[in-house]
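User: I would like to go through this structure with you, one region at a time. Shall we start once it is on screen?

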Amino acid sequence: MLQNNLTNQAHIEASALFVERIPIAFARRFLVMGYRDTSVENNDEILLQVGDESAWHVVDTVRRTLGCHVRPILCEPEEVLAQINQGYQIHNRSADSAVAKLKDEELDPRKLSFLDHRDDLLDDSHQTPVIKLVNSFLFDAIEARASDIHIQPRENELVVRQRIDGVLFQTLTIPKEHQEEVISRLKVLGKMNIAEKRLPQDGRASVQVGDRVIDLRLAALPTSFGERIVVRFLDKSARLYTLEELGMGENGLKRFRRLIQLEHGLLLVTGPTGSGKSTTLYAALQEINVADLNVLTLEDPIEYQLEGISQTQINTKKGLTFASGLRNVLRQDPDIIMVGEIRDRETAEMAIQSALTGHLVFSTLHTNDAASAVTRLIDLGIEPFLVASSVIAVMAQRLVRRICPECKQPQEAMLVDKQSLGLADDYELSAWRGAGCKNCRDTGHHGRVGIYEIMEVGDELGELIQERANASEIRQRAMQAGMQRLLDDGVYKIQTGQTTIDEVLRVTMRAVETQSE
């Protein structure tokens, strides 16, 4: 066998015959991957990457299985493993073909009860058609960077939609007669009761895509046309973002860094579901020197593992709520506490008491802007003087889709756009848009970036809070003190070519309406 690197040659491509007939588990175990030379006409020879020079018997096995001539080529084991993952991903990425196969093959629901400890989405050997279909659309969603996938029954069909960069796209339609099999497979995957169809259920699972392990959170809900299921993806191998990568402006980043270095107080991050609040808090915790501090978190769910930090999963069924967990965390002598979310009065009281007794507390709230977080705490029953003395700052945020760099082009800013953004008619606004290309799946967007507003609670704002001022009055005073609104940061992101006018208006319109009241 000769030492060679097949992947650097343009006329060499993965062999469809090899991928179809050789299970991925076999290829990984013996480190073999098949290729064909497209520069030679009518060439049925398989070029076999081999990562183990003692694997002669495997070469013979592949030759007999494929029924053609096989030429082994010795390569580095790491390269072979990477090419196996890539080759089988390309072969398994079509969910539409899996739907077509459903019409030709009989489905046996009893086969759905079989489930490995962790399914490999690239291994379709010995799988029923419905399992191949579910694996295919889960794999497609992961490859498309979807955060979640919605399987929604309609009157005459079952629709699969992916949420990519915060927006839902319909990607697949499955015939109605296969709805029960697909839903049952997903429920088995999430270890839910497939016989219970009248009550909501939650489940979880782990799947493998190549060398990546993806956690799934499944939620089933009965509807008039059958159960719908939402699957949320948590990629364990995904790296965490740093504060610099979140998109904060230079001044905002300096202020936020100063705030997370304080010794005590309550720092709140607000925004709707899916606005990146947890990502921001994870980035903040990474910034802190945990070697000298005792950092504990209470989360639901734990999305990423942070080295050097003790993380606790909330379990309401067993009685471990944010409030009860926080009460026990205080016995661990923490310096910094992260509470995943303040949902009720008890949790709010415990978080504020923790902040007042010398701890730095990070948490999140669901409000439209920074000023509304203050009134939300008061609405939960917290006394204004406690809010004023414990809250050090509130940061509101949204996520806007980035313009795809491959198809980015200038866009003329219309007068109505400037008016919608609250700009003067003569304001010179430079705008951009994505025309749509293969890189962004013709959406014009690829990835997301945050827009932020930071409201620090000083003595002046503290007095206003104790007077039970409304959110509008607090906001106006904060703006007079130099607070930049979400919309202002959005305009900056438009000017610098990071996002579009439509995106900023889409995610800030509710906040703009609130601020204009």
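**A strand residue and its surroundings**

Analyst: Val 231 lies in strand β12. Helices (H or I, at least four residues) and strands (E, at least two) are DSSP runs, numbered from the N terminus. The model is a predicted one, in which local features need pLDDT of at least 70 and side-chain atom pairs count only at pLDDT 80 or more, while totals for chains, interfaces and linings use all residues. Residues are numbered from 1 along each chain as its sequence is written, and side-chain values use heavy atoms, with hydrogens and water left out.

User: Is Val 231 buried or exposed?

Analyst: Val 231 counts as buried, at 0% relative accessibility. Buried means under 20% relative accessible area, exposed over 50%, and partly exposed in between (1.4 Å probe, protein chains only).

User: Which residues is Val 231 in contact with?

Analyst: Leaving aside neighbours within four places in sequence, Val 231 is in contact with Leu 138, Ser 147, Asp 148, Ile 149, Ile 151, Leu 186, Leu 216, Arg 217 and Leu 218. Contact means heavy atoms within 4.5 Å.

User: Now Gln 179. Which helix is that in?

Analyst: Gln 179 belongs to helix α7 (residues 179–189). Gln 179 is buried, with a relative accessible area of 4%. Its contacts, leaving aside neighbours within four places in sequence, include Pro 153, Arg 154, Phe 225 and Gly 226.

User: Changing topic to α3: which of its residues are buried?

Analyst: In helix α3 (residues 56–66), the buried residues are Val 58, Val 59, Val 62 and Leu 66. They cover an arc of only 105° around the axis, so they are on the same side of α3. The arc is that of the directions from the helix axis to the C-beta atoms. The buried residues of α3 pack against α1 (16–21), α2 (24–30), β3 (32–37), β4 (46–50) and β5 (70–74).

User: What follows α3?

Analyst: Gly 67 follows α3, and its phi is positive, near 70°.

User: Why is α10 described as largely enclosed?

Analyst: Helix α10 (residues 322–329) is largely enclosed by the rest of the structure because six of its eight residues are buried. Those residues are Phe 322, Ala 323, Ser 324, Gly 325, Leu 326 and Val 329. What covers them includes β14 (295–299), β16 (336–339) and α11 (345–356).

User: At what angle do α12 and α16 pack?

Analyst: Helix α12 (residues 370–379) and helix α16 (residues 471–480) pack at an angle of about 140°, with axes 8 Å apart. That makes α12 oblique to α16. Angles under 35 degrees count as roughly parallel, over 145 as roughly antiparallel, 65 to 115 as roughly perpendicular and the rest as oblique. Axes are lines fitted to C-alpha atoms, for helices over the stretch in contact, and angles run from 0 to 180 degrees between N-to-C directions.

User: Which residues meet there?

Analyst: Ala 371, Ser 372, Val 374 and Thr 375 in α12 meet Ala 471, Ile 474 and Arg 475 in α16.

User: Finally, how many helices and strands are in the chain?

Analyst: The chain has 18 helices and 21 strands. Of its 517 residues, 52% are buried.
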